[in-house]
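Hi everyone, thanks for making time this morning. Let me put the model up on the screen, and then I'll talk you through it.

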Amino acid sequence: MADFLHHLNQMSCPICGSELIKEEKGSIHSNGHREESQSFECGFKHRYEPSFMGIRVTEQCPQHVSQMEKRQKLEAVKNALDEVLRLADIDEELKYKVKNYGWQYI
Ligand SMILES: [Zn+2]
């Protein structure tokens, strides 16, 4: 697959090393450069954007430190919300619905 694209040449995810699964070419910009993208098994995606002639990450690898920090922060929020719900003065059935089906029960 490496010869298919002109600007992107990763054979595996640069963060976790997972496999390249898809390469695509897009339309040609007025500057003569063509859009390109690569997708990897872990979900990491990047693309060459001819309008600024640069590479942009469009989906970050789940093993990237930014994604791991985001998951840790979300886990902390989830735990705090679980504790609020646990202490709430509502019956167990309503707690179950709020926890499992969302905030439309408020
Ligand atoms: Zn990855």
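Let's start at serine 39, which sits in strand β2. This is a predicted model, by the way, so please hear everything I say with that in mind. Is serine 39 buried or exposed, or something in between? It counts as partly exposed, because it has 18 C-beta neighbours inside 10 Å, and a residue needs 20 or more to be called buried. Setting aside neighbours within four places in sequence, serine 39 is in contact with Ile21, Lys22 and Lys45. Take Ile21 from that list: isoleucine 21 is 18 residues away along the chain, yet the two C-alpha atoms are separated by 5.8 Å.

Now let's look at the sheet around that serine. Four strands make up an open sheet, in the order β1-β2-β3-β4, with antiparallel pairing. The edges are β1, residues 20-28, and β4, each of which pairs on one side only. From one strand to the next, the twist averages 20°.

Let's walk across, pair by pair. β1 and β2, the latter covering residues 34-40, are antiparallel and share six bridges. Here glutamate 23 stands opposite glutamine 38 in β2. The hairpin of β1 and β2 has five residues between the strands, and glycine 32 there takes a positive phi near 95°.

Next come β2 and β3, antiparallel again, with four bridges between them. Glutamine 38 turns up here too, facing histidine 46 in β3. These two strands form a hairpin with four residues between them, and glycine 43 in the turn has a positive phi of about 115°.

Then there's β3, residues 45-49, joined to β4 by five bridges in an antiparallel arrangement.

The loop between β3 and β4 deserves a moment of its own. Methionine 53 lies in that loop, and its phi is positive, about 50°, although it is not a glycine. Why mention it? Because most residues other than glycine have a negative phi. Methionine 53 is also exposed, as 11 other C-beta atoms lie within 10 Å, and the cut-off for exposed is 12 or fewer.

Proline 50 is in the loop between β3 and β4 as well. With 19 other C-beta atoms within 10 Å, proline 50 is partly exposed. Which residues does it touch, not counting those up to four places away in sequence? The answer is His29, Asn31, His33, Arg34 and Glu35. For glutamate 35, the separation from proline 50 is 15 residues in sequence and 5.8 Å in space, C-alpha to C-alpha.

In soluble globular proteins, nonpolar side chains tend to be buried together. In this model, the largest nonpolar core has five residues in all: Cys13, Phe40, Cys42, Phe44 and Cys61. If you click on cysteine 42 and ignore its neighbours within four places in sequence, the contacts are Cys13, Cys16, Ser18, Cys61, Pro62 and Gln63. Cys13 and Cys61 are core members too.

Finally, let's zoom out. The protein is divided into domain 1, residues 2-59, and domain 2, residues 65-101. Taken over C-alpha atoms, the centres of the two domains are 37 Å apart. Helix α1 spans residues 65-87, which makes 23 residues. From its first C-alpha to its last, α1 reaches 33 Å, close to the 33 Å expected at 1.5 Å a residue.

How values were computed. Residues are numbered from 1 along each chain as its sequence is written. This is a predicted model: local features need pLDDT of at least 70, side-chain atom pairs count only at pLDDT 80 or more; totals for chains, interfaces and linings use all residues. Domain bounds come from an automatic or database domain assignment. Two strands pair if DSSP finds at least two bridges between them. Axes are lines fitted to C-alpha atoms, for helices over the stretch in contact, and angles run from 0 to 180 degrees between N-to-C directions. The expected span of a helix is 1.5 Å times one less than its number of residues. A nonpolar core is a set of buried Ala, Val, Leu, Ile, Met, Phe, Trp, Tyr and Cys residues joined through C-beta atoms within 7 Å. Two residues are in contact if their C-beta atoms, placed from the backbone, lie within 7 Å.
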